[in-house]
Amino acid sequence: MTTTTVTNILLVGVGGQGTLLAAEVMSEALMAAGYDVKKSEIHGMSQRGGSVVSHVRFGQVVHSPIICEGDADIIFGFELLEAYRCLSFLKPNGTVIANDLRIPPPSVLLGKEPYPGGLAERIKASGAELILVDGLKLATEAGNPKAANTVLLGALSQRLDIDERYWQAALEKMVPAKALAVNQKAFQFGRAI
Amino acid sequence: MKEMLSGNEAIARGAYEAGIKVASAYPGTPSTEILENIVQYKEIDASWAPNEKVALEVGIGASFGGARALVAMKHVGVNVAADPLFTLAYTGVKGGLVFVTADDPELHSSQNEQDNRNYARFAKVPMLEPADSQECKDFTRLAVEISEQFDTPVMLRTTTRISHSKSVVTLGEPAGGLPAPALERNPAKYVMLPGNARIRHRFVEERTDRLADFGETLAINRVEMRSTEIGVITVGVAYQYVREVLPEASVLKLGMVWPLPAGLIRRFAAQVDKLYVVEELDPFIEDQVKAMGIPAIGKEIIPICGELTPAILRTAFNLPQTATTEPERLPGRPPNMCPGCPHRGVFYTLNSLKAYVTGDIGCYTLGFMPPLSAMDTCVCMGASIGNATGITKVVSPEERQKVVAVIGDSTFLHSGITGLLDMVYNKAPATVVILDNRITAMTGRQENPASGYTLMGEETFQVDLAQLCNTLGVQHVRTVDPYDLADTKRVLQEEMARPEPSVVITQRPCVLIKREGAFERGESQAVDFEICSGCKACLKLGCPAIIWQPSEGERGKAMIDPLLCTGCEVCAQLCKFSAIKALR
Ligand code: SF4
Ligand code: SF4
């Protein structure tokens, strides 16, 4: 019933990367566009360098605030390993939009195991459509490497059926005034992907 | 006006709309943002209390004074506040009082998974439980109204999923025309000596009956009839999962979890072929339904541990699951103390001294994780000191010297002071380390009496921890800079060897404090690859900025990420070859 009309986006990243803010901007834009929206995440321990996962669901009526494994339409990853880790959440033939960035987890930092290789290939091999974004490079070009998540939002916005002005309004509302111009530019770079 | 609000933000908004005048809390995930958001409503006096018991007592005072009040805490905080709660149930209120308990099924950031619905029944106070942010706002206001109508505190229970999920909320107007707060003498109601309390106990029992009747027609206890094949009684976020997974089922959605509307439940049960109770954690509703003689299925198929999910419900009701792949072993990403965290060197030192560390609740609980691995117990807020006292009472004199309690400044002020008082009074020869980083860091940097600022951002008296310890009778109080490893080690060794109670205060601000002058970044450090011998000594700190660079055939080398490094220079002190230096 209602489940069939709900779109599920799972945002994943590493604590401190701005995953939560990206989910905020996305939810604002979706609400302004007239959807029922639910967003869910866990704060606390997970924010100290741990994995961060945000669930965003939108449609006419949304009940559950969380996405189950196998139900995500899009995985929106700010770091490659985290995107790969959550792959079981993706629907068959779903889309992965991922930042081409590797942040070593503790065991890798300590030299106990390597950062897993060939993640992009493994994501593709699963049948997912992979859109790999060089967020850092484009954000630096836009004026600030920290705007990488806005580049990714731009790439995502091209794949959701909502008017661009809602995204613009959400950015204006959520991004601090002095960082706005850079983020608007970063968003446009993302839209061009 | 519509807005996307989290459950916590919506409760803050509800407090404003309900005309709440006083709000008090101790921070604790997942409840923290309630007070942090209440601050934006200038009509409300919002403050952090040193602990949950005090927070509730402040709320009680405001209510007795005739104002509407809200207190908030996480589930385990209610254990601390339970003493005043149980008697508040007897005195009742004057201004409406909402008591928020934010429970944490799945213990995302807690030490246990208790289901605080049991407190409502135990303390004999009504409890409401919202299922989304809109209800968080509406129920807060309703709770205040019920509180005044029935002369009772009202508990509002949320769970992590409700506290931290955002959904669309329609904003309303604040209540107007409330009576001005004023002193009122009514000892028969507010002085709970046995003679008065016996009378109030009878009132409490009658009140529960009246509330149960009230619940029969209360709109938030809602029947949604669809197919009569399956009927589900449910509450809170579990309602959302039921609607998602069993869209055709009839539902009795309870907004008031205690007391339950027996008549409504009976009528609903009679209308459906098969009755289920779907609730997170304890069979709280299920047990009562079954005690009413109504056959129902609940914990037979719904797990008693952890959070529910739609997937768990699908399994429980034998519905097809979406196919998923086998999980693969990938490097995990557990939480870690920040780069430059002042606690890191202390735990490194305690580990090297082979101390038996009784731990406590805060960022420093992460000192348990490898490679620091220097924490042996962790029970509840303030327990470290009492635990250390108890252990020193039973172990041999040699082992006694190893016992060190660690506690943060905020936790010490929360419930460590009395523990230390006991340690001194009863002459337990342990060492207490107060990890003083001038903030309540774990929950996201809240002010506390040691930080010098209030929740509203005003400067205030800053407690002097060393002086406080002296006053409690500790003869040996020493303050060290935890960034100075040699000094920290020397002082710890001396105090651990001392057969008397002693306190070592390690003083350095949390690296995340943004306030001007609190934390200052040092110069980023770098490893000189020519000198680095690959001995891995610096890796024992577990600083996220230090990265091991393996190298084929030869020894690997350490490298420091200049963006993450805060320049604390602790790692430089560990390198025997002086390979770590400031980045020029
Ligand atoms: S938040 Fe502060 S106290 Fe907590 S780990 Fe980071 S630096 Fe340490
Ligand atoms: S100086 Fe060393 S220990 Fe301190 S933050 Fe930098 S890398 Fe980490």
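Ligand 1 sits among residues of two chains in this predicted model. Because residues from chains A and B surround ligand 1, the site is shared between chains.

**Ligand 1**
- From chain A, the shell around ligand 1 contains Arg48(A).
- From chain B, the surrounding residues include the cysteines Cys338(B), Cys341(B), Cys363(B) and Cys510(B).
- Met337(B), His343(B), Asn437(B), Ala441(B), Val511(B) and Leu512(B) also surround ligand 1.
- Sorted by class, this shell has eight nonpolar, two polar and one charged residues.

**The second largest pocket**
- The volume of the second largest pocket is about 800 Å³.
- Its lining is made up of 30 residues, and those closest to the pocket centre are Ile42(A), Val53(A), His55(A), His108(B) and Arg161(B).
- At least two lining residues come from each of these elements: strand E2 (36–41), strand E3 (51–59) and helix H2 (80–85) of chain A, and helix H13 (310–316) of chain B.
- With four residues, E3(A) gives the most to the lining of this pocket.
- The lining has 13 nonpolar, nine polar and eight charged residues.

**Confidence in chain A**
- The average pLDDT of chain A is 93, and 95% of the residues score at least 70.
- Among the elements of chain A, the highest mean pLDDT, 97, belongs to strand E6 (residues 129–133) of chain A.
- The lowest mean pLDDT among the elements of chain A is 91, in helix H3 (residues 106–109) of chain A.

Key:
Residues are numbered from 1 along each chain as its sequence is written. Chains are lettered from A and ligands numbered from 1 in the order in which they are written. This is a predicted model: local features need pLDDT of at least 70, side-chain atom pairs count only at pLDDT 80 or more; totals for chains, interfaces and linings use all residues. Side-chain values use heavy atoms; hydrogens and water are left out. A residue is near a molecule or strand if one of its heavy atoms lies within 4 Å of it. Ala, Val, Leu, Ile, Met, Phe, Trp, Tyr, Cys and Pro count as nonpolar, Asp, Glu, Lys and Arg as charged, and the others, Gly among them, as polar. pLDDT is the predictor's confidence in each residue, from 0 to 100. On a 1 Å grid over the protein atoms alone, a cavity is a set of points where a 1.4 Å probe fits but cannot get out, and a pocket is an open set with protein on both sides within 12 Å along at least five of seven lines; lining residues have an atom within 4 Å of a point. Grid points are joined across faces, edges and corners, and a volume is the space filled by probe spheres set on the points.
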